[in-house]
Amino acid sequence: MDPSLLQDFLTESGELIEQLDTDLVRLEAADSSEEAQELCNGCFRALHTIKGAASFLGLTAVTTFAHAAEDALNKLRKGEIDVTEEVMDALLQSADIVKGMIDELSAGEEAQDGPQGLIETLHALAEGKTQEAGATSTPDTSSENAAAPEPEADDTTQPDDTDKPGTPLSLGPQKLDLLEFMVTDLKDASKNIGDTVDGLCNDATLEESATFLVEVCDEMEKTAEFFELDELTSLIKVLTTVSGKLNEASHETIEEIAIRIKAAKVLIDQQAEALNDLRALSWPLETFCSRLTKLAEDGSIDPQVKGQHNGDVQALLVLDGVIEAQAEVASTAQTQETLSSSAETSAVSSQATEAKQTDDAEESKAVGEPEKETEKAGARAQAKPVAEQTIRVEVSRLESLLNLVGQLVLNKNRVLALTRNIKDQAIPAEMAEDFSDAAGDLDHLMSELQVSVMRTRMQPLAKLFDRYPRVIRDMARMTDKKINLEIVGKDTEVDKSVLEQLADPLVHILRNSSDHGVEMPDIRKKAGKEETGTIRLEAEHQGSHVRVAITDDGNGLDRGVLGNKAVEKGLTTPEKLEQLADEDVFAFIFAAGFSTAQQVSDLSGRGVGMDVVRTNINKLNGTINIFSKKGQGTTIEILIPLTVAIMPAMVVGVGDHVYSIPLQSIVEIVRPEPEEVKSVSGHPVMKLRDIVLPLVDMRERLNEPPIEDGGRFAVVVAIGGQRVGLCVDRLVGQQEIVIKPLDDTYTQGGPFSGATIQEDGEVCLILDVIQLIRNNAPTSNSESKAAA
Amino acid sequence: MTTETQAQSTEEINSAIDKASADSELLQLVSFEVGEEEYAVPILSVQEINRMMQITRVPQSPPFVEGVINLRGKIIPVIDLRKRFGLAELENSDDVRIIVVEIASRVIGFTVDRVNEVLRINSSIVEPPPAMVSGSDTDYVQGVGKLEDRLLILLSLDKLFTADEIAEIEHSGSQAA
């Protein structure tokens, strides 16, 4: 199997499954039947696509399972069974299983067969037994279906109740139902033919194209049988046979065949359009088919028709008696409505014209000529179809691109530093100026390049948010609560790495909100609230940050309970507790092993989740705030920088060393006079306008010997409402820094969020403002911190 | 988990030594000096050997951590082996080198007084560390190679740089303080 085909399948199916999962949850909650119908169709389409691709790649386990799920879904789609929780459980589980199979395949393993019990449940559903179905379904049908080696054929040739008349297509209602999908399959296959047929005329690609053509035709034959149109089936059968013989045919014959295959494609396209409208077209195809077969068999062709079509598809069809006269041609041409097919047709005829010219020229010119012409036409044809809007790029490539940009930024910094120094050197002023201009341009371009590259890594939060309705649904099911999840602002874009780091924390918070926040329906009712609790997940940009907030209208946090627990755990003392603000008491829930739940359940209560939240958000340089009112609900607010890799920073000097402070956390920089610095219960503070600003002596925190003179700077930093002034010795300047991890166990203890490389190649540590603020209050902490 | 893998890898090394002695295989080592002693590590674990470069101090890291260096864009910690072995600081000499090693996907540099040579010794001349020096603090000594005119101390890098030991050292350090 072609690994790239498999890779495409895995990527695509992964996305489809995610969509399926989302749609299924939405389906369960759908208000109107139209909406439900649409979602149903979407789910069905997703499963059908996965099934089709899997069967093409010979992935029997996936095909079988997807087929079973598809059958069940089909019943649902037709409204023959209702959307009940049992049905949805089965379908959601199926989505999980297919996802599991795809994961297995991604990991390079064979996909395991789906659990037989679930398959049987699905079959039972497909047969309309909803309630008592369970795992004990009729064994004969399930085994028959599960064992079917070619489920694709299975659903195309169901003989039951198909003979009922009533539509021009004379298809049973069951088939009519599937018509749309089969037509899509037919069109896809036909498009594949169109794409491949040009490759036939080139010796280099002939073999490959011919093999592919056989595959496509073979697949299409099965699809065609579905429609029970003898003409269509036999036409495609002829195509299959002909394709199989292409390798032996002469060059000249192939060109004759290729034009006929194109003609057949045009016919199939028209048929597909008609079928979509429940009409069936009919042509006298005997001559066409027999001539084509004969051509393929021995390359012979009626001298009267040879070359008469002048490479024109329509002319050929007239010639073979398939269609009549000019008027007819015009009207059939009009049925080609879609953009792509019309582009293809024009491509075909343009190539046909070229082909005609070469035909004429062939007698006198070299053999290489027609190939060249064909290529030209091919290029022209390629230029015409609608351009692709997106391309898939491996993440590793983006990573290395970002890495390079990071190095470039450092290099640019170095060039800028050189430029500043150049003025002191004995260099002609003009040259120095030119140099400085060039450096300025470089600076400008670098920032643009940086922004563009960062933008390639931005992804909408929808990628995460769309998973959560399922999480909430499962939570609600397990706890017997009624919970409604509202999502706002899922189009907000963040860096890919931010997105990944956010995934787990959000799940934990949502679980917490639904398990501990939202109350049981009866309790809510007593409290005068609506029975259904609401959890609101919203995201928005705030400057260079993204704000994600999760709000529930549940019970709220209890300061008393949390405080007692914190004292019990030794996190604080009763005296200190009294002085703490509500927010600070609430923040105890982020401590590791902190849980007020009486019982540890499957869902939560181990006290691990919130610790994960804090750790991950810290990694992202973000902050968390909790607001809660007892009885009214809780809001957990997360603020994180948009990107994490490159950012502007202020470089400051403390002692002989320099450190970087992320610019986004700096509010202002002041220069306090020594007499302005006061002491409140042992902690240095200063009065800044009307607030009392706590100060952090960075010399002390960074183990530098204290100095006396007061000519120092206070860099005021703020995280989530909290402000402190970091006292540093010098300000070096503003710089773009590229964040490198400082994650070795040896270097983790200090108040640093990472390191960066300076202009001269030296390492400069980045101060972790959050940690500095958090550990500010108790001074004894700073010593014991390293040991902890 | 980590201790397990570490134990496993030492076992592997030990068994590798056993096997080597049985087959009397050659060990390829890099030898260097720290203080008065000569040490050696397997050449395969050595990524590169650099001259002294600018080291950035990392406040609040363990005392024997000299700081971090920029190794072609990657930030790696550098350990002062003198401090790790409890020796007095050396006045900077031109012979000081940073040996960069990779242990369990962790890249670490350490400073040594000088690098001597790359040598091959027969594994049969390596003996287990004498009981007197084998204690909890010196279990990074994996064996002693008896050369004709000198002794070579074979170091187990993963024991030398395990996280557990750091915690222990720090703990005892902070207790003392």
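Mentor: The answer below sets out the basis of the values, then the pocket, then the chain around it.

This is a predicted model, in which local features need pLDDT of at least 70, side-chain atom pairs count only at pLDDT 80 or more, and totals for chains, interfaces and linings use all residues. Residues are numbered from 1 along each chain as its sequence is written, chains are lettered from A and ligands numbered from 1 in the order in which they are written, and side-chain values use heavy atoms, without hydrogens and water.

The second largest pocket has a volume of about 1400 Å³, the volume being the space filled by probe spheres set on grid points joined across faces, edges and corners. A pocket here is an open set of points on a 1 Å grid over the protein atoms alone, where a 1.4 Å probe fits, with protein on both sides within 12 Å along at least five of seven lines; lining residues have an atom within 4 Å of a point. There are 28 lining residues, and A:Thr11, A:Glu15, A:Arg392, A:Gln459 and A:Lys463 are the closest to the centre.

Helices α1 (3-29), α17 (395-422), α19 (462-465) and α21 (496-517) of chain A each supply at least two lining residues, helices being DSSP runs of H or I with at least four residues, numbered from the N terminus. The most comes from α1(A), with 8 residues. By class, the lining holds 12 charged (Asp, Glu, Lys, Arg), 8 nonpolar (Ala, Val, Leu, Ile, Met, Phe, Trp, Tyr, Cys, Pro) and 8 polar residues (the others, Gly among them).
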